Amino acid sequence: MSRYFDRRWFLAIMTIVLVAAGALCGTWISRLVVISSDRGQMQIFADQLLNRAVEVFAEADKMLAVVNASPHPFCSDKEIMFLRDMLFGTKYLKDMGRVRDGFFHCSAVFGNGKKPMPLIKHDLETPDGKLIYANSRLAISKSTAPIIGIGNANVVLDPAAFETLKNPAYTFGVMYNPQGVSSTVGMFGTLDIGKTGMELPAGAGRIGDTVYRNVCRNTACVTVHAEVGRLESSAEPITSIITTFGAALGGAAAVILILLQRNNLSLKARLQHALSQNRLTVEYQPIVDVATGRPVAAEALVRWRENGEWIPPDVFIPVAEKAGLINRLTICVIDHVLSDMAASLDANPDFHISINISAADLFDRHFGALLALRLKEANVANNQIALEITERSTANAADAKEAIERLRSRGHKIYIDDFGTGYSSLAYLGELNVDGIKIDKSFTQTIGTSSVSVSIVPQIIDMARAHGLAIVVEGIETTAQRDYFAALKPKVDGQGWLFGRPASAITIKKALEPVA
Ligand SMILES: Nc1nc2c(ncn2[C@@H]2O[C@H](COP(=O)(O)O[C@H]3[C@@H](O)[C@H](n4cnc5c(=O)[nH]c(N)nc54)O[C@@H]3COP(=O)(O)O)[C@@H](O)[C@H]2O)c(=O)[nH]1
């Protein structure tokens, strides 16, 4: 994908996608935030309604008892006066009346009618004989109101009992819910909940585009609803801010990606430039017979210094591999090695230089011939240049085996570098027919520690020998590590800071000079 990063259309599409994704995430998050923060408000509102409902129904119950216990003759003038007195002291009642044998006879507001009126059908009768009317047309006016009756009394509840609590963000219903009755009677509210039978899933929740909260206490139940769309539009400023923030984050992610990629691209361009100007150099790290300390080889390690800054191979080698520059880089290293070391190699025929090659070199059919040509021109024997490949390069066994064979047939020894950090087994490497392994420094560093993997090192060494593989131990830094490997028979070779850090060709050449 990185090759698309220098195309404008790709950058534009990627930026648009990231900005849109950020905006969508922002909108989604803001909606969740709005709904969950509203839950608290909704709970407060539901509790206010429930407290009021409990008060209203308790007052109705109290006054029904008072009317039924009236000390005056039924519907006498004295009783009407008594009812009016009582009504005046109530908060949520509009009338209190007297009923008998299915007829309404008189009330505080209506007075004493000449002719009793038949009672309409109630919506619910409770086990204790209470008759509940959800919203009855009143005999005394054209308006409607909830009515509760028991014995020879009934009370008309104020339809505006919840008016002062109304909140435009919510719709609600208040229901009468006597004990022992499964059905409720909807008596107040802005919600169309029907007269009876409203089912109340407990607590709070969401059904489709509606969020709700249901609460009950004593004989009262309340349901509060809010439309999600309405909540969202009421929280529009916050939603816009979070959406914009999400889009900005998406945009920032796009910018960061582009900058990172540009940085990589510029590293690629700089490396290309350094290669064309032959500004890469090579250092050599000795590989010694651990038992004697005698140098038997050296590893060539590429170096790149630019504007006073060393850029580590770990950083630019992957860039070179991705950008298709690695073959040029390897040839550049080979040229340095030959110009630095040809004479020393000629003078020390048992000494060799190890060069790191990448998968692209290994599988390049012309690489072996190109290397041979350069070695011939420099008068260096092929067997004095060993090649190090990584386990990763050998993932495709058939191709790797063929490529390794091509190079070995020209006289080069092949080593598996950083052995143990990949997934290949020694049996697999035996099949590949490599000459040796370089045990990764992470294993070496377990020697002399209590780490459990210390036990793996002798196993690796035993198995490598069983497969006829030469062994180089990397990363020997301490005398304890050296002593451990020096004691092994047959001998192993080693490399590490204890024997010498990577240094200029002069240093390694000096080490090869015969001791006077
Ligand atoms: N394809 C190519 N890869 C190359 C080339 N030159 C180097 N490399 C690879 O880059 C990786 C990093 O190399 P470098 O930073 O040079 O590090 C090497 C040594 O400095 C380091 N080392 C050696 N001894 C010790 C030690 O005792 N302790 C310790 N902590 N580090 C030590 O190890 C690196 C050499 O490792 P290896 O190659 O595995 O033997 C590295 O993977 C190089 O392979 C190149 O020209 N081409």
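Colleague: In this predicted model, is Arg206 buried, partly exposed or exposed?

Modeller: Arg206 is partly exposed, because its relative accessible area is 45%, and that value lies between the 20% and 50% limits that separate buried from exposed residues.

Colleague: Is Arg206 buried, partly exposed or exposed?

Modeller: In this predicted model, Arg206 is partly exposed, because its relative accessible area is 45%, which lies between the limits of 20% and 50%.

Colleague: How many salt bridges does a search of the whole structure find?

Modeller: The search finds 17. Among them is the pair of Lys166 and Glu163, whose closest N and O atoms are 3.0 Å apart; Lys166 is partly exposed with a relative accessible area of 41%, and Glu163 is likewise partly exposed, with 43%. Another case is a network of salt bridges that links Glu299, Glu388, Lys438 and Glu474.

Colleague: Where in the chain are the partners of the salt bridge between Arg365 and Glu402?

Modeller: Their side chains meet with 2.6 Å from N to O, and the pair links distant parts of the chain, with Arg365 in the loop between α7 (359-362) and α8 (367-378) and Glu402 in helix α9 (residues 397-408), 37 residues apart. Arg365 is exposed, with a relative accessible area of 55%, whereas Glu402 is partly exposed, with 40%.

Colleague: How many disulfides are found in the whole structure?

Modeller: A disulfide is a covalent bond between the sulfur atoms of two cysteines. The search finds 2, and with the bonded cysteines numbered in sequence order the pairing is 1-2, 3-4. In one of them, the sulfur atoms of Cys75 and Cys106 are 1.9 Å apart; this pair links distant parts of the chain, since Cys75 lies in the loop between α1 and α2 (77-88) and Cys106 in strand β2 (residues 103-107), 31 residues apart. Both Cys75 and Cys106 are buried.

Colleague: Why is the disulfide of Cys75 and Cys106 left-handed?

Modeller: The torsion about its S-S bond is about -90 degrees, so the disulfide of Cys75 and Cys106 is left-handed. The link of Cys216 and Cys221, by contrast, is right-handed, with 110 degrees about the S-S bond, and its sulfur atoms are 2.0 Å apart. Cys216 is partly exposed at 45% relative accessibility, while Cys221 is buried at 1%.

Colleague: Which residues of helix α14 are buried, and which are exposed on the other side?

Modeller: An α-helix has 3.6 residues a turn, so residues three or four places apart point the same way. In α14 (residues 505-512), Ala505, Ile508 and Leu512 are buried, and they lie on the same side of α14 because they cover an arc of only 70 degrees around the axis. On the other side of α14, Ile506 and Lys510 are exposed, and the cover over the buried residues includes β13 (281-289), β14 (295-306) and α6 (326-347).

Colleague: Which residues make the nonpolar surface patch of about 400 Å²?

Modeller: Trp28, Ile29, Leu32 and Val33 make that patch. Trp28 is found in helix α1 (residues 8-68) and counts as exposed, at 56% relative accessibility.

Note on methods
Residues are numbered from 1 along each chain as its sequence is written. This is a predicted model: local features need pLDDT of at least 70, side-chain atom pairs count only at pLDDT 80 or more; totals for chains, interfaces and linings use all residues. Side-chain values use heavy atoms; hydrogens and water are left out. Patches are made of residues with over 30% relative accessible area and no salt bridge: like charges are joined within 9 Å, nonpolar side chains (Val, Leu, Ile, Met, Phe, Trp, Tyr) within 5 Å. Accessible areas come from the Shrake-Rupley method with a 1.4 Å probe; for residues, only the protein chains shown count as cover. A salt bridge is a side-chain nitrogen of Lys or Arg within 4 Å of a carboxyl oxygen of Asp or Glu. Helices (H or I, at least four residues) and strands (E, at least two) are DSSP runs, numbered from the N terminus. Buried means under 20% relative accessible area, exposed over 50%, partly exposed in between (1.4 Å probe, protein chains only). The arc is that of the directions from the helix axis to the C-beta atoms. Contact means heavy atoms within 4.5 Å. A disulfide is a pair of cysteine sulfur atoms within 2.5 Å.
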